[in-house]
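Hi everyone, thanks for coming. Let me put the structure up, and then we can walk through a few of its details together.

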Amino acid sequence: MKNKKKRLTIAYVSAFLFNRIGFDLWAGISDEVKSQDVNLICFVGTKLDNYELFSKENIVYKFINKKLIDGVVLWTSDLTAYLNKKNYDEFLNLFNGIPSISIGCPKRSNDMQSIYLDDEGCIKIVMEHLVKLHNYKNIAFVKGPENHRPSQIRFQTYLEELKKYNLPFNEKLISDYAKDWRSNAGIDAVDLFLKKRSLKPKKDIDAIISVSDYISQQISDYLRTKNIGVPEDIAIVSFNNSLESRLSTPPLTTINLNQFDMGRKAVKKLINMINKKGINEDYLIQGELIIRESCGCFYQEKISQKNGILTIKNKSNIDNFSENIYNEFIQNINYKINYINKKYIDSLYNAFIFDINNENSNKFLKSFQEFISHIIKENINLSVCHSLLSIIRKYLLLVFHENDKIIKIERIVININSTINNAIINYDSRYDIKYTSQILRIPDFSLKLINSFKFSEIIKILSEELVNMGINSCYISSFDQILDPLNTSTLIFACKGKEIIDININKKFQTNNILPEQLFNDQNQHQFIVQALSNRGRLFGFIVFESEASQGATLEIIKSLINGAIERALFTEERETLLKNLENKVEERTMELMEANDQLQIAIDEANTANKAKSVFLANMSHEIRTPLNSIIGFAEIINDIEDRDKRMIYQKQIIEESLKLLELINQLLDISKIEAGKLELDFKTFDIKNLINMINTTFALTAKNKGLNYSCEISNKIPDYLIGDELRIRQIIINLISNAIKFTISGFVKISLEVMDKKDDKIKILFKVADSGIGIKEEDQKLIFQNFVQIKNISITQRGTGLGTAISKQLVELMKGQIGVKSKIGEGSTFWFTIEFDIPEDANIIKTKSEAEENLIDNPYVRNSVILLAEDYPVNQKIVMSHLETLGCNVIIAENGLEVIEKLKTNNVDLILMDIQMPIMDGCDATDKIRNELNLTSIPIIAMTANAYVEDMKRYYNFGMNDVIVKPFTKKSFLEKVIKWLFETKSDKNN
């Protein structure tokens, strides 16, 4: 791949590119490689773990080699967070002999240099701010995942800072470890502090530090639902300076990780290593404290209550503060800005002091706006503006002690911070909303690919559309040998701009060359992104994009759409091959030809019917997707022109609401498709009906109250506590109806009631009602309200839903042999009702103690230490099953295909086999057949695990010799119940 000029080629290895932190890091790397005139190849897979080091998408990490790559940058903190020492070293061995830089956490090996955030210094800044400025004493800490090393360092530094400031250690102020970064860690922490440990705001807990903006936003939102104010009751400080920190209410005081600069410095250091320049030592990136409202700085009541503020250590040095500010600023950003000198800083500093002493002056604001303009013109990262503002603020607080002056300082700082944030959103390419044209093209791009079933059609679409989405070039290759992908590959598509490149000559190449060498005979600098492609769960090749960081916001979506289209094309080709073989046989046998023609005509009729249905579906989908998407794009563009912070927050919330509508539509479509395909099965179990209703009321009572509505619920005392039915689907129906009632009621009430219609011995029919005083529905529209995608015309556009909620409710009620209807008058309100007949359990006490009996069964010697053979080729499913089985104390042996199952049964005594159906080489049915008939192992129970659970499928599994079936997706409870049942029955039979 290297050209004649020997331009250096650097690899960037990452588990993802497209969240805020990853995007900043990638943008910094991309920016620096352009200035250094080197090539960049981003190898993007998934996170590595201890169970499967190189599975599926992660095969691209093995492409890296000395011939292709001169140096490697690894985002180690995210990529290898879940690896033990052995697997971590195994991964690093891939890059032996290649200069490598680790980003994100202190090095775990002596062979690799690291660039990482000074987590210890960041916590010290945070603690100094909370203790010295705000005089907080009871500071809580919410921990990140246990295996995330930066989080561990932050927590240990927090403990050390408590000792430094003579603050008592209180174990009640420490949260449990977060399960992962996108769990409910913030909500769990608040419940732990306030509910389980009974801590009181202001009295027992003053402030909370968390290791992530996402967690902090959860904490802030959850506290608000409990009428606990931020920061007036509890202050919050966070990490990352992500978009969540700005959209949170109030905006979060947080640590800016400077990922953009981290990426730039990593490239500089790597090039010095390649050229054998510089000192081989780790480099710490200094974080910046970005002060917003959540810490209490801009909350006037909190500030006015302070007793001791910072004191001046040396009054004689006040006149030298400008010089100190300049030196600290230059040291902090680690490079020099041409027009910034000590005199310029002195003018900014004096302008700030002038505004403090003159009530109506905006001298500093105007001066700082000029500074921002200079930064924009020179295309410098706008985060330096936050850095300079923080340093100036720090020195001013050393000068001014009076409360009114401190309040004035903080008000000025928040105005400037808002100005900087506006500049970042409007001018920084990493946050540029100008690429909304890419988002607009994605629905049309998607529809074109969905309707393309030939590879030639896909090639035409890609050559026409990719250039409009900012993709400079695209190359698709397939592995020649699926079981040996690193050997050779074949280029099957190549385009540069709108030009399709002729790939008929020399299209075969060594996989780890990424592309045929002929494609790199030009002298231009390249930035490539390499990702794996799969076909029905198995890797078949990889895709290479040429795209700069600023153009890649939609790249992951584009890759997924292309992957799906290729899957369909490959399937179509297989089907056409089968049809051709059928035609050859038909020519030999006339009778078979007639039968085949009849079958083919049926298939054509079915295909035409399916195409018509698909067209209607796509038309409705296009409308429902475009409507909220238009709002999202429109408000995003409006935000560019609005400086008023409150108005911006309103539009930002509107964007979030419209995004949630898209998510709701997807979830509803999945339910509709399952019901219509006959794949939705009801799960009848004993449940507490009154507890279910109470939980629903807890959610919606607050929503109704916030809208000014009177919300009430009445449950007949004739209804028993426990019934037998599908609790999940009943909950879904009630929530759909209550949501609509609140949505379409402007004032008045929403009332829920449960009445007994009929009761016989062990059965009871219940009438559910949801009444409101809303806008009402016309009589002619009441017949249409339960049809898919129907939206009533007399309802305003802003109030309309997707047209699926009531349709899903109707189909679910009818699945449960019930009835549903509505009574309504325009302007007087509506009453939606439905009836369901439930079985009544014989003895509720038995139900209550059932779970206890099952827990006791787990410790039964028939279950613990049992040997289970898990046949599963998908690593994620392996981890899920192994995690569930840990509860039982079982020993697990893993096989990834049917042949491995046979071999491992020859050398291991197994008590139970969990058999996946679809596996490579040999599937679960063939493996079961060999176990029963060739190995003659008839007593070992075999449980099938599959997503195919039609009646005919179940019969086939039993015919092959399987004892039971677990349907995917499954819950832990249902899974363990079947495992325990078969282990107990099998082993107890042996002992008897």
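Searching the whole structure turns up 26 salt bridges, where a salt bridge is a side-chain nitrogen of Lys or Arg within 4 Å of a carboxyl oxygen of Asp or Glu. Please keep in mind that this is a predicted model: local features need pLDDT of at least 70, side-chain atom pairs count only at pLDDT 80 or more, and totals for chains, interfaces and linings use all residues. Residues are numbered from 1 along each chain as its sequence is written, and side-chain values use heavy atoms, with hydrogens and water left out.

Let's start with Lys810 and Glu814, whose side chains meet in a salt bridge at 2.6 Å, N to O. Both lie in helix H24, four residues apart, about one turn of the helix; helices (H or I, at least four residues) and strands (E, at least two) are DSSP runs, numbered from the N terminus. Lys810 is partly exposed at 26% relative accessibility, and Glu814 is partly exposed at 41%. Here, buried means under 20% relative accessible area, exposed over 50%, and partly exposed in between, with a 1.4 Å probe and protein chains only.

What about Lys751 and Glu714? Their closest N and O atoms are 3.5 Å apart, in another salt bridge. Lys751 sits in strand S21 and Glu714 in strand S19 (residues 710–715), so this pair ties together parts that are 37 residues apart in sequence.

Now back to H24 (residues 805–815), which packs with helix H22 (residues 727–743) at an angle of about 145 degrees, their axes 9 Å apart. Axes are lines fitted to C-alpha atoms, for helices over the stretch in contact, and angles run from 0 to 180 degrees between N-to-C directions. Which residues meet in H22 and H24? Among them are Ile733 and Leu737 in H22, and Ile808 and Leu812 in H24, with contact meaning heavy atoms within 4.5 Å.

Finally, some backbone details. A cis peptide bond joins Val230 and Pro231, with omega about 10 degrees, and Pro231 lies in the loop between helix H7 (213–225) and strand S8 (235–239). Asn240 is not a glycine, yet has a positive phi of about 115 degrees; at 15% relative accessibility, Asn240 counts as buried. Asp761 also has a positive phi, about 45 degrees, without being a glycine, but Asp761 counts as exposed, at 78% relative accessibility.
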